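I opened this entry to keep track of what I looked up.

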Amino acid sequence: MPPAAATNLGYEPPDGGWGWAVVFAAFISIGFSYAFPKSLTIYFKEIQEYFSVSYSPVSSMLVNRYGSRPVVMVGGLLVCTGMVLASLGTTIIHLYLCVGVIGGFGLAFNLQPALTIIGTYFQVKRPLANGLAMTGSPVVLSTLAPLNQFLFDSFGWRGSFLVLGSIVLNCCVAGALMKPVNKRAEFEPNKGSPTSRRKVSVEAAAVDFRSQSANPPTKDDTNKSKCQSFVSRYIDVSLFTHRGFLIYLIGNVLMFFGFFAPVVFLAPYAKHQGTDEYSAALLLSIFALVDMFIRPITGFLGNSKWIRPRIQYFFSFAVSYNGVCHLLCPLASGYGGLVVYAVFFGLAFGMLSALLFEVLMDLVGTHRFSSAVGLVTIIECGPVLLGPPISGALVDMFGDYKYMYYACGVFMLVPGIFFFIMHYYNYKKLDEEHRQSMVVEMRISEEVVELKLNQNEKTDNER
């Protein structure tokens with residue numbers, strides 16, 4: 001078994017047991033969060049004709065305050081309420097508010113708590129647990145897509161929304177499974193040997209003395225610290241000074257400009273090359289099938305003793321691999337070439353998706369992950385929303401899809417290279433900091449031993 005990441009949780013995670021039930025619950029929550037909005041596209045055409053229109057960090061705060069279980073359950077109720085109210089809609093604004101706002105909040109309340117709670121149950125097996133949980137997205141999507149078509153043919157979009165509202169209540173069941181971890185192995189400072197207690201007290205006193213002498217408190221600092229403590233109670237803004245978090249954030253912002261567009265335009269690209277609609281849709285099925293199986297495999301590989309200690313390089317490879325696939329896509333000739341591209345793209349997409357949140361947790365630690373994923377999600381909204389329209393504009397401008405795939409390839413390959421370079425630098429700095437901390441610990445141990453010897457000598461002299 002690979003060594004666990006150096007994260008001081010204050011207790012020993014079970015790395016199994018009820019944690020696997022939590023993984024299953026996260027599988028359901030993450031699956032609905034990612035797949036539910038995509039599966040609703042089947043209803044867009046009839047809604048457009050019916051209304052005669054054309055197409056056109058709250059969760060993290062709640063998780064930090066109340067925990068994952070109630071947030072996920074409330075999220076399931078919100079999505080259900082949004083879908084039921086949307087079935088009664090009389091205007092397109094009504095649908096935007098019900099499905100987009102109410103349902104969107106509900107899905108957001110499902111995603112982040114599911115990602116956060118895995119880190120409290122797993123440490124040694126965390127990459128595997130995250131990989132299995134992230135598999136929920138392609139599995140639920142492959143189930144909802146044909147189900148939505150059947151519901152649409154049988155009940156129309158209004159009746160389908162009512163049925164989907166009841167189905168999504170399964171998120172409440174998933175939330176009920178997410179009971180807080182039992183922290184029975186929590187560290188107690190009163191226990192342990194006198195030497196260890198003295199070591200802790202000496203270290204704490206030294207740190208406290210250095211901090212006070214370097215930064216003597218003022219009245220303005222006191223008011224500022226009160227304001228910062230109020231903000232940090234809900235979200236950790238100090239992450240913007242965290243080296244690993246900034247590397248992840250900068251690379252991801254650029255990466256997401258080219259992350260989703262190749263999936264959106266895969267079928268239209270095939271049709272542009274003369275492929276019939278059925279065969280074009282089959283490419284997406286091949287892509288989804290490969291994506292579904294590679295995610296847990298990636299989690300298993302990420303949990304191995306060879307990859308886990310340097311898992312950031314594995315993520316960098318996955319990002320770069322996506323970019324290479326897109327750059328080579330225009331060279332694929334005929335339908336057979338597109339099938340090969342769909343297979344390799346499914347491998348690349350699944351690898352990246354399985355590692356996307358695991359590497360963030362590896363960088364910032366479990367305690368700060370909830371705030372980190374909330375901040376990242378807010379900032380990434382821009383590239384996620386702008387990526388497909390920009391890609392579509394390239395297709396309209398040049399009348400060919402190959403330039404869109406070239407652009408997406410560059411958007412993925414450049415951050416992949418950036419990740420390789422910056423994580424090499426980050427790992428080097430972390431090793432230096434670890435060596436320095438070991439030197440400090442050795443000095444403290446020597447001081448404690450010397451102090452103990454002096455006390456023994458003094459006791460012997462008194463006798």
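Cavity. I listed the lining of the largest cavity: Phe257, Gly387, Ile390, Ser391, Leu394, Ala407, Cys408 and Phe411. Helix H17 (366-398) and helix H18 (402-462) are the elements that each give two or more residues to this lining. H17 supplies the largest share, four residues. I sorted the lining residues by type and got six nonpolar, two polar and no charged. The space inside the largest cavity comes to about 40 Å³.

Confidence. The model is predicted, so I checked pLDDT, since low values mean that the coordinates should not be read in detail. The chain averages 79, and 79% of the residues score at least 70. Helix H15 (residues 311-328) has the highest confidence, at a mean of 95, and helix H9 (residues 194-214) the lowest, at 40. I noted that residues 1-6 have pLDDT below 50, with 15 contacts beyond near neighbours in sequence. Residues 52-56 are also below 50, with seven such contacts.

Aromatic rings. I found 24 aromatic pairs in the structure. Phe259 is buried, at 4% relative accessibility, while Phe260 is partly exposed, at 22%.

I then looked at Phe315 and Phe419, whose centres are 5.3 Å apart with planes at 55 degrees, so this pair is tilted. It links distant parts of the chain, Phe315 in helix H15 and Phe419 in helix H18, 104 residues apart. Both Phe315 and Phe419 are buried.

Last, I traced a cluster joined by ring pairs; its members include Phe256, Phe259, Phe260, Tyr341 and Tyr405.

Methods:
Residues numbered from 1 in each chain as written. Predicted model: local features only at pLDDT ≥ 70, side-chain atom pairs only at ≥ 80, totals over all residues. Heavy atoms only, no water. 1 Å grid on protein atoms, 1.4 Å probe; cavity = no way out; pocket = protein on both sides within 12 Å on 5 of 7 lines; lining within 4 Å. Points joined across faces, edges and corners; volume = space filled by probe spheres on them. Nonpolar A, V, L, I, M, F, W, Y, C, P; charged D, E, K, R; others polar. pLDDT = per-residue confidence, 0-100. Contact = heavy atoms within 4.5 Å. Phe/Tyr/Trp six-rings, centres within 6.5 Å; stacked < 30°, edge-to-face > 60°. Buried < 20%, exposed > 50% of the residue type's maximum accessible area, 1.4 Å probe, protein only.
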